[in-house]
Amino acid sequence: MKLNHVTAVLSLCFVLAFASTACQKSQTQTSENNTGTATEQQGTANVQVERVDLGKHVGNDNQVTEHAETFTPNETIYATVVTQGSATTAELKTRWTFQDGQVVDEVSRTIAPSGGAATEFHVSKPDGLPVGKYRVEVFLNGSPAATKEFEVKRA
Amino acid sequence: MAEPNRTPESSGEKPDFSNVRSGSSSTAPSPAQTENTYVVKKGDTLSKIAKDHYGDAKHWPKIFEANRDQIQDPDLIHPGQKLRLP
């Protein structure tokens, strides 16, 4: 009889210990879910810049069809920013600078991607871009995401 | 006769990028109620910006109307102004 009583107490302790562990597990999962929800609420955290391609032409899908890092003064320079992820709003900005640090141009575009997306930015100059080295910086929601350098040479 | 496309180093002049044309497009849709922006450069006019971004200078009133809060005179815009492009 006494033995049965001890067994019952041990069984109760075992059940309580199991329930406690299960409860902790549940709390961990809830915490993880809360973190996921917070990330989702930011709306833009799921978008990433995968790569930036430079070239002389783009196709209908905005992908660069003729890659290049050297251009002639009268060519249009395309920079296609390939992003992955989804967001209700994400701002892409390109800043084009000349070798002396002078800002050639800044262009921004706000997108609402759902999955992969290609956003092209382009610059040209009717009387020809000065020869020299240039840099295009890509910003995603104000944060630097990628940088590419290219050169303009005489034809 | 001036040589075209001289390097700034060889001429000693700072290059002029005021007439650079630019634009963008995306396979991703634009968010509803969201507009693109453009930072005014030296030498810009609303007509020039409209021509660069819409392909036709006569669309300048659209930019003017979208930025009435910061443009009082459509003939007077300033470098550094961030304009909404509807």
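Across the interface of chain A and chain B there is one salt bridge, a term for a side-chain nitrogen of Lys or Arg within 4 Å of a carboxyl oxygen of Asp or Glu. The side chains of A:D105 and B:K41 form a salt bridge at 2.9 Å, N to O. On the side of chain A that touches chain B, the elements giving two or more residues are strand 5 (90-98), strand 6 (103-111) and strand 7 (117-124) of chain A. By class, that side of chain A has 16 nonpolar, eleven polar and ten charged residues; Ala, Val, Leu, Ile, Met, Phe, Trp, Tyr, Cys and Pro count as nonpolar, Asp, Glu, Lys and Arg as charged, and the others, Gly among them, as polar.

The model is predicted: local features need pLDDT of at least 70, side-chain atom pairs count only at pLDDT 80 or more, and totals for chains, interfaces and linings use all residues. Residues are numbered from 1 along each chain as its sequence is written, chains are lettered from A in the order in which they are written, and side-chain values use heavy atoms, leaving out hydrogens and water.

Contact (heavy atoms within 4.5 Å) takes 37 residues from chain A and 31 residues from chain B.

Strands are DSSP runs of E, at least two residues, numbered from the N terminus, and two strands pair if DSSP finds at least two bridges between them.

| Antiparallel pair | Bridges |
|---|---|
| Strand 1 (residues 48-58) and strand 2 (residues 64-67) of chain A | three bridges |
| Strand 7 of chain A and strand 1 (residues 21-26) of chain B | six bridges |

A:H122 has B:G23 as its bridge partner in strand 1 of chain B. Within chain A, A:G55 has the bridge partner A:H67 in strand 2.

How values were computed:
Helix = DSSP H or I, 4+ residues; strand = E, 2+ residues; numbered from the N terminus.
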